[in-house]
Amino acid sequence: MLITLEGIDGSGKSTLYEGLKERLSDLDPVFTREPGSPYLGDAVRQATAENTDPLAEAALFVADHAVHLSEVVRPALAAGKLVISDRYTDSRFAYQQVSLKGVHPDPKAWLSAVHRGWSITPDLTLLLLIDPETALSRVSGRGEREHFEQTEFLSAGQKNYLERAGEEPSRFLMIDATLPPETILDFAEESIRLRIGQIK
Ligand code: TYD
């Protein structure tokens, strides 16, 4: 079973991820993230930090995904593990659809084509939703901003997330990210346990 956490920067996704580690420890899940493959993860981070060519950046995110699947996700799923990933393919549909605008004639078609036939669709995706201004104010203290961390970018990215959720409503659970972290964690834990049929 593959469960993913998604949301724009500042939505509290990382707090949820860390909280779930404790809450779900009895299930011994594999916790993982994108970008995060051992060597490509660094290349991706460098590309985003240096504002490189958007297509190159998008291709790097896809390459990172491929390594993530082959080295982490597939083996874990094959071993019957529960996998929880902080960001996954929906992040590309949210963010790269924005960054590829004007660079590629149809970013969504490119992203769909480039994942088709080999990627794995999550069983459940928890999507944290938040007003982009509020989200940005939450990340503003974290030092230098990536080019993603601008209000217009994040608001377009969140619209793309919502479009994805509209296309696959049964996969997505939307969460109000302004709720108290404990409330979000309670809801997320319960939803995951319900989905995998392992009520405590
Ligand atoms: P990261 O430091 O992992 O941020 P976060 O804690 O918000 O997950 O940086 C990842 C950044 O890269 C984040 O701004 C989202 C973006 N991103 C994409 O644009 N495309 C992708 O496919 C992925 C996985 C992330």
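Buried residues, meaning those under 20% relative accessible area with a 1.4 Å probe and protein chains only, make up 47% of the 200 residues in this predicted protein model. Local features need pLDDT of at least 70 and side-chain atom pairs count only at pLDDT 80 or more, while totals for chains, interfaces and linings use all residues. Residues are numbered from 1 along each chain as its sequence is written, and side-chain values use heavy atoms, with hydrogens and water left out.

**Overall fold**
- The protein has eight helices and five strands, where helices (H or I, at least four residues) and strands (E, at least two) are DSSP runs numbered from the N terminus.
- Along the sequence, these elements follow the pattern β-α-β-α-α-β-α-α-β-α-α-β-α.
- The C-alpha trace spans about 50 × 35 × 30 Å along its principal axes.

**Helix 8**
- Helix 8 covers residues 181-196 and reaches 22 Å from its first C-alpha to its last, close to the expected 22 Å; that expectation is 1.5 Å times one less than the number of residues.
- Its buried residues include Ile184, Leu185, Glu189 and Arg193.
- Just after helix 8, Gly197 takes a positive phi of about 70°.

**Ligand surroundings**
- The ligand is surrounded by 15 residues, and the closest are Asp9, Arg33, Arg87, Arg92 and Gln96; a residue counts if one of its heavy atoms lies within 4 Å.
- Polar side-chain atoms lie 2.9 Å from a ligand oxygen atom for Asp9 and 2.8 Å from a ligand oxygen atom for Arg33.

Key
Buried < 20%, exposed > 50% of the residue type's maximum accessible area, 1.4 Å probe, protein only. Polar contact = N/O pair within 3.5 Å; in protein donor to acceptor, adjacent residues only side chain to side chain.
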